[in-house]
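Please open the model in a viewer and keep the selection panel at hand. The tour below moves from one selection to the next and describes what is found at each.

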Amino acid sequence: MRVISGKCKGKPLQAVPGMTTRPTTDKVKEAIFNMIGPYFSGGLGLDLFGGSGGLGIEALSRGLDRVIFVDHDPKAVQTIKKNVTACRLTDQAEIYRNDAERALKAIIKRGLTFRLIFLDPPYKNKQLEALIGIIDSHQLLQKDGFVVAEHGAEGQLAKQIGRLTQVKHETYGITAVSIYAYVDEEGE
């Protein structure tokens, strides 16, 4: 695993020890950023199932101002800290050990909105649509932002969740990526 592009291009990233996480492959990561970017001029990101921190670090490398990383696994939190430090991005990262729903409640209290929200839970976790619904109902996504949901290829997510519309869906082997955004009446 490595940072693919931007100011940290080529930096190696450590994986979370053990078998509890499944890192996003470089191929899938590159495809995601080609669909939503590939580069950004500022903004805040949320990596809600941070794992090794690869998606959030890639977003920082490509121009986001800050990313909040959340994972419930202490090994993942330690790995994110190591990777953020190795990429010299500590001033642009907030890292928390928490579960997704509790983290969203804390974020709602802070009144934050995000340009990018990454949701990459374990594939057996079936809460993606509920989390996207919370993101929409509490207006956590900016009008020009994206929710990137990574999930097992065998499962389909709803095309519409609240006011968020699935604007892209791609499959890469056992991995599927569904991207949600706000779409106006003209379809933009």
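## Stop 1: a pair of oblique helices

Select helices α1 and α2, which are oblique to each other, in what is a predicted model. The angle between them is about 45 degrees, and their axes are 11 Å apart. Helix α1 comprises residues 26-36 and helix α2 residues 54-61. The crossing in which α1 passes α2 is right-handed. To display the contact, show Lys29, Ile32 and Phe33 on the α1 side, and Gly54, Leu55, Glu58 and Ala59 on the α2 side. Classified by residue type, this contact of α1 with α2 has four nonpolar, one polar and two charged residues.

## Stop 2

Is α2 mostly covered or mostly uncovered? Helix α2 is mostly covered, as eight of its eight residues are buried. Colour them in turn: Gly54, Leu55, Gly56, Ile57, Glu58, Ala59, Leu60 and Ser61. Next, bring back the elements against which these buried residues pack: α1, β1 (44-47), β2 (66-71), α3 (74-86), β4 and β5.

Now centre the view on Ser61, which lies in helix α2. Ser61 has a relative accessible area of 5% and is therefore buried, the cut-off for a buried residue being under 20%. Which residues is Ser61 in contact with, leaving aside its neighbours within four places in sequence? They are Val3, Ser5, Gly6, Lys7, Cys8 and Lys9. A distance label from Ser61 to Ile4 will read 8.8 Å between C-alpha atoms, although 57 residues separate the two in sequence. Before leaving this region, select Gly63, which follows α2 and has a positive phi, near 120 degrees.

## Stop 3: Leu48

Select Leu48, in the loop between β1 and α2. Is Leu48 buried or exposed? Its relative accessibility is 1%, so Leu48 counts as buried.

## Stop 4: α4 and α5

Select α4 and α5, which pack at an angle of about 5 degrees with their axes 11 Å apart. These two helices are therefore roughly parallel to each other, since angles under 35 degrees count as such. The residues that meet here are Ala100, Glu101, Leu104 and Ile108 in α4 and Leu131, Ile134 and Ile135 in α5. By class, the contact of α4 with α5 has six nonpolar residues, no polar residues and one charged residue.

Which residues of α5 are buried? The buried set is Leu128, Leu131, Ile132, Ile135 and Asp136. Seen down the axis, these buried residues of α5 fall within an arc of 140 degrees, so they line one face of the helix. To see what covers them, display elements including α4 (100-110), β4 (114-119), β5 (141-152), β6 (160-161), β7 (164-172) and β8 (175-182).

## Stop 5: backbone details in the loops

- **Pro38:** Pro38 is in the loop between α1 and β1. Display the peptide bond from Gly37 to Pro38, which is cis, with omega near 10 degrees.
- **Arg88:** Arg88 is in the loop between α3 and β3 (93-97). Its phi is positive, about 55 degrees, although Arg88 is not a glycine. With 73% relative accessibility, Arg88 counts as exposed, because the cut-off for exposed is over 50%.
- **Gln139:** Gln139 follows α5 and belongs to the loop between α5 and β5. Gln139, a residue other than glycine, has a positive phi, near 50 degrees. The relative accessible area of Gln139 is 48%, so this residue is partly exposed.

Definitions and conventions:
Residues numbered from 1 in each chain as written. Predicted model: local features only at pLDDT ≥ 70, side-chain atom pairs only at ≥ 80, totals over all residues. Heavy atoms only, no water. Buried < 20%, exposed > 50% of the residue type's maximum accessible area, 1.4 Å probe, protein only. Helix = DSSP H or I, 4+ residues; strand = E, 2+ residues; numbered from the N terminus. Arc of directions from axis to C-beta. Contact = heavy atoms within 4.5 Å. Axes fitted to C-alpha atoms, helices over the stretch in contact; angles between N-to-C directions. Parallel < 35°, antiparallel > 145°, perpendicular 65-115°, else oblique. Left-handed = near helix turned anticlockwise from the far one by under 90°. Nonpolar A, V, L, I, M, F, W, Y, C, P; charged D, E, K, R; others polar.
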